[in-house]
Amino acid sequence: MAQIGLFDVVGPIMVGPSSSHTAGAVRLGLATRRILGVDVTKAQITLHGSFAATYWGHRTDVALIAGLLGMAMDDERIPRGMELAREAGLEFSFESGDLGDVHPNSVRILAEGGGDKVVIAGASVGGGRINIFEVNGFDVSLDGTYSTLLTKHRDEPGVIAEITKVLAVHGINIAYLDVSRKTRGSEALLLAQTDDRIPDLALQHVQRIPGVIVVRKLPRF
Amino acid sequence: MEINSASQLLELCAERNQDIARVVAEYEAFRGNTSYEEVREQMRETLRVMRASVENGMQDKGERTHIITGYGHQFQQGCNEGKVLGGSLLQNVVLYALAVGQHNAGVGRIVACPTAGACGVVPGAVLAVADELQSSDEELVDALFVMGGVGIVSAAQGPISGAEGGCQSECGVASSMAAGAVVYLMGGSGEQIFEAASLALQSHLGLVCDPLASLVEVPCVTRNATSATTAIVAANMVMAGIPGVIPYDETVVAMKQIGKSMPESLRETSKGGLAASPTGRRLYKELLDKHSL
């Protein structure tokens, strides 16, 4: 049985009113910002299920925007998210939509910035915990509790072995490894959730591996 | 080192010859691979955020809430104008709980304890009792460890969310956590801590989660205040020698089973109970019309 953490029941410290509809939403926005890797300048947000029905009561919309601006779930600037987005030049739109057979508190976010864009879909699964289940059309499972290495790479023999070798050389233990692709030989995505923090040097080494197109590290959020 | 039940926690205390506060803090240091002092510092920060949420909540006049209107502020005015009964302890318990509940509903920074919806219960009971007893901050930090211990054994054996167990598993568990901390501040034993926790939870069994319009406002915020007062009543009864009768672990299991037999409409779906009352439905419709995407 997993042991209950003291600060899971005496916490988290968060901005209200709802751990699932507010705190979890901030984290989903922040995860998107981290995956994009630069400031978000444009966001198209699709709210599904309970998120679409009750977003206004729990400030799910404001919370998502605050997260996209880089705020954590206990940031007291969260209520001013919309105003701060305008100041930061973040353009955004919301719509309600059906994301299929997914958790009722789900959202899809198309975020653009620095000439790049990312599409993520994720759910707030309760108590502020989240699960990102899609990144750029790839099926993943990411909850933000681990340091994570993300790569976009060519689907060729040996690329994944080289990436995991770099982590091994830096003494980084992989807790969970997700690899997915759309078709054979196309672009693929790797998510390595690790027990140890990933140093910048490891990131540079991964970047130099032939076949690796994009590499990012996502600190815990 | 594991804590899965109240009986196991009390055995650990006996084995180690330490009180619940110390054992819970050591447990967390072990579990989180950190030090006792670091865990203590994190709890000090938690206490600071709780206190700030009381202060901020008393200023909140309801600018960001949909139905409720600055309940902490209003209650404080009522106290100042001599309109309410009860001594300073009872007044402060209600005032602090309302203030924090209001602050949470108004997009303020709070400590979820054990959930955001029940975040006013523990500060209401524990901070007001600490004022009354003039407890030091370090005593309060220990009381929060005790409160966390009650929370851990609750979460290990039962649901801690309205969606799974109804309000008994949010305000009910918060009330039992608060009752344990209050007994600790009053100088009670480890056994008495869990007797008071049991009595507090017993008074919440069967309580459904039926918030209006899916908000954390009605009946949540006023219920935070009544659940906080229940914690004090439970602690007082136990300190006077009235027994809990049913051990806390068994009360939590009863709470879990009651939650399982609760229909979905009464578990945070806003489909039954007060949410389905004519007034509840009217308020929901008005808010929906105002906010539809």
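**Notebook: hairpin, domains, sheet and chain contact**

I started at the hairpin of S6(A) and S7(A), where 2 residues lie between the strands and Asn136(A) takes a positive phi near 50°. Before going on, I noted that this is a predicted model, in which local features need pLDDT of at least 70, side-chain atom pairs count only at pLDDT 80 or more, and totals for chains, interfaces and linings use all residues. Residues are numbered from 1 along each chain as its sequence is written, while chains are lettered from A and ligands numbered from 1 in the order in which they are written.

**Entry 1: the hairpin strands**

I looked up how the two strands pair: S6 (residues 129–135) and S7 (residues 138–142) of chain A are antiparallel over 3 bridges. Strands here are DSSP runs of E with at least two residues, helices are runs of H or I with at least four residues, and both are numbered from the N terminus. Pairing needs at least two bridges found by DSSP between the strands. Glu134(A) has Asp139(A) in S7(A) as its bridge partner.

**Entry 2: two domains**

Next I checked the domain assignment of chain A, which gives domain 1 (6–142) and domain 2 (147–218); such bounds come from an automatic or database assignment. Their centres, taken over C-alpha atoms, are 25 Å apart. The contact takes 11 residues from domain 1 of chain A and 9 residues from domain 2 of chain A, where contact means that C-beta atoms placed from the backbone lie within 7 Å. On the side of domain 1 of chain A that touches domain 2, helix H2 (19–36) and S7 of chain A each supply at least two residues.

**Entry 3: the open sheet**

I then followed an open sheet of 4 strands in chain A, ordered S9-S10-S8-S11 with antiparallel pairing. Strand S9 (174–181) and strand S11 (212–218) of chain A stand at the edges with a single partner strand each, so one side of each has no neighbour in the sheet. From one strand to the next the twist averages 10°. S8 (residues 147–154) and S11 of chain A pair over 6 bridges, and His153(A) has Val212(A) in S11(A) as its bridge partner.

Helix H7 (residues 200–207) of chain A packs on this sheet, touching S8 and S11 of chain A, and its direction makes about 165° with that of S11(A). Axes are lines fitted to C-alpha atoms, for helices over the stretch in contact, and angles run from 0 to 180 degrees between N-to-C directions.

**Entry 4: H6 against H7**

Helix H6 (residues 159–169) of chain A has an axis that comes within 10 Å of that of H7(A), crossing at roughly 155°. In H6(A), Ile163(A), Val166(A) and Leu167(A) meet Ala202(A), His205(A) and Val206(A) in H7(A). I count this contact of H6(A) with H7(A) as 5 nonpolar, 1 polar and no charged residues.

**Entry 5: chain A meets chain B**

Last, I turned to the two chains: 30 residues from chain A and 38 residues from chain B make the contact. On the chain A side, H3(A) provides the largest share, 4 residues. That side divides into 16 nonpolar, 10 polar and 4 charged residues. I also found S1(A) joined by 3 bridges to the antiparallel strand S1 (residues 109–111) of chain B, with Arg109(B) as the bridge partner of Val15(A).

Key
Ala, Val, Leu, Ile, Met, Phe, Trp, Tyr, Cys and Pro count as nonpolar, Asp, Glu, Lys and Arg as charged, and the others, Gly among them, as polar.
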